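Hello,

Here is the structure I promised to send over. Please open it first, and then read my notes below.

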Amino acid sequence: MPTSRLHGHLGFAVLIVLMLGVFMSTSRSAPSHPVIALFTDYGWEDPYVAQLKGSILTIDPNARLIDLTHTVTPFNITEGAYLLDQSAQEFPAGTIFVAVVDPQVGTDRDPVLIQTGKDKFYVGPDNGLFTNIIDREGFSKAWKLDKPAFFRSGTASHTFHGRDIFGPVAAYLASGTAPEKLGTPLTAKSLTLLPVKDPSLAGGVISVQVMHIDRYGNVILNLHSDGDLAPKLKEGNLVKISVGKENYSAPLVKTYDDVAKGRLILLYSSSGLLEIAMNQGSAAKELHVQPGTVIFLKP
């Protein structure tokens, strides 16, 4: 091959390598568009989720939207607070959560933006929905959303703040608007928090509360494997379960298949919370419980 042609090929190759290097360097240094994660009790049958997404995309066409869930039990703020906290744990700093379980929509409860100690952002109603989040991630800053310039174009409705306020605010935040511009500062003490109901021990009996019932009928309780009362329950031992006047018994095991099909068990889930389950069955139907039900456990 002639020397001039060889030099030409080498020069072209070097140019390609340099261009790739610049591209990769730029790609690594450029900030990624933050994810907007949607969490509501809107369900899938109605147009509400679509309208929420549309209000975000109208403002920020490059928005990265994902659905956490839209099937929280309608109006159940306590269940919503638990599910939101469980859903948000694995997401990175900078994620923006639009969370709406809002039976008081249109009343004097405030629309808020909260920045936690984990540097995540939560947009939604100030009704206790963010209680578990603040407890786990810590509080950094908060703002009352009172700047209509950052709402959906037109007059905000009294019944759909998800579409008209929360979604648009999240879109502006994701597209680079500083949170300080979106509202008036609030203190941690001014936020509404749900009363914390911890497990308790009296007379050798542990009182727990149902936090959530998942689609398998597993009854998830507010007793964590790292909690002070967890050592009272020993793996392999039977536990008496009392719900109202009804009594049941179940062993504490490691996996669902440690007992025969249709038998009740207790185990710690992947989140570390104690749950009452049934191998290939619904413990919730067997026990006739729902979120908020108090259950007594006696080792």
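Predicted model: local features only at pLDDT ≥ 70, side-chain atom pairs only at ≥ 80, totals over all residues.

**Aromatic contacts**

Tyr42 comes from the loop between β1 (35-40) and α2 (48-59), while Phe160 comes from the loop between β6 (139-144) and α5 (161-174), so the pair links distant parts of the chain, 118 residues apart.

Another pair is made by Phe150 and Tyr172, whose ring centres are 5.2 Å apart with the planes at 85°, and that is why it counts as edge-to-face. Phe150 sits in the loop between β6 and α5, and Tyr172 sits in helix α5, so this contact ties together parts that are 22 residues apart in sequence. Is Phe150 buried or exposed? With a relative accessibility of 17%, Phe150 counts as buried, because the cut-off for buried is under 20%. Tyr172 has a relative accessible area of 22% and is partly exposed.

In total there are seven aromatic pairs in the model. There is also one aromatic cluster, formed by Phe91, Phe97, Tyr122 and Phe130. One more ring to look at is that of Tyr216: the charged end of Arg215 sits over it, 5.5 Å from the ring centre.

**Salt bridges**

How many salt bridges does the structure hold? The count is nine, and I will go through some of them here.

Start with Arg136 and Asp85, whose side chains meet in a salt bridge at 2.5 Å, N to O. Here too distant parts of the chain are linked: Arg136 belongs to helix α4 (residues 131-137) and Asp85 to helix α3 (residues 77-88), and the two are 51 residues apart. Arg136 is partly exposed at 30% relative accessibility, whereas Asp85 is buried at 8%. Both residues also belong to a network of salt bridges that links Asp85, Lys120, Arg136 and Glu137.

Next come Arg109 and Asp102, with a salt bridge of 2.6 Å between their side chains, N to O. Arg109 is buried, with a relative accessible area of 9%, and Asp102 is buried with a relative accessible area of 9%.

Glu180 and Lys141 form a salt bridge as well, with 3.8 Å from N to O. Glu180 lies in the loop between α5 and β7 (184-186), and Lys141 lies in strand β6, so the pair ties together parts of the chain that are 39 residues apart in sequence. Glu180 is partly exposed, with a relative accessible area of 44%, and Lys141 is partly exposed at 40% relative accessibility.

Now please turn to strand β13 (residues 264-268). Four of its five residues are buried, so the strand is largely enclosed by the rest of the structure. β13 pairs with strand β14 (residues 273-278) in the antiparallel sense, over five bridges.

**The largest pocket**

What is the volume of the largest pocket? It comes to about 830 Å³. The lining of this pocket is made up of 31 residues, and those nearest its centre are Asn132, Val196, Asp198, Met211 and Asn222. At least two lining residues each are supplied by α3, α4, β9 (205-213) and β10 (219-224). Which element gives the largest share of the lining? That is α3, with six residues.

Helix α3 is also where you will find Tyr82. With a relative accessible area of 6%, Tyr82 is buried. Tyr82 and Ile133 are 51 residues apart in sequence, yet 8.4 Å apart in space, C-alpha to C-alpha.

Happy to talk any of this through once you have had a look.

Best wishes

Note on methods. Residues numbered from 1 in each chain as written. Heavy atoms only, no water. Phe/Tyr/Trp six-rings, centres within 6.5 Å; stacked < 30°, edge-to-face > 60°. Buried < 20%, exposed > 50% of the residue type's maximum accessible area, 1.4 Å probe, protein only. Lys NZ or Arg CZ within 6 Å of the ring centre and 35° of its normal. Salt bridge = Lys/Arg side-chain N within 4 Å of Asp/Glu carboxyl O. Pairing = 2+ DSSP bridges. 1 Å grid on protein atoms, 1.4 Å probe; cavity = no way out; pocket = protein on both sides within 12 Å on 5 of 7 lines; lining within 4 Å. Points joined across faces, edges and corners; volume = space filled by probe spheres on them.
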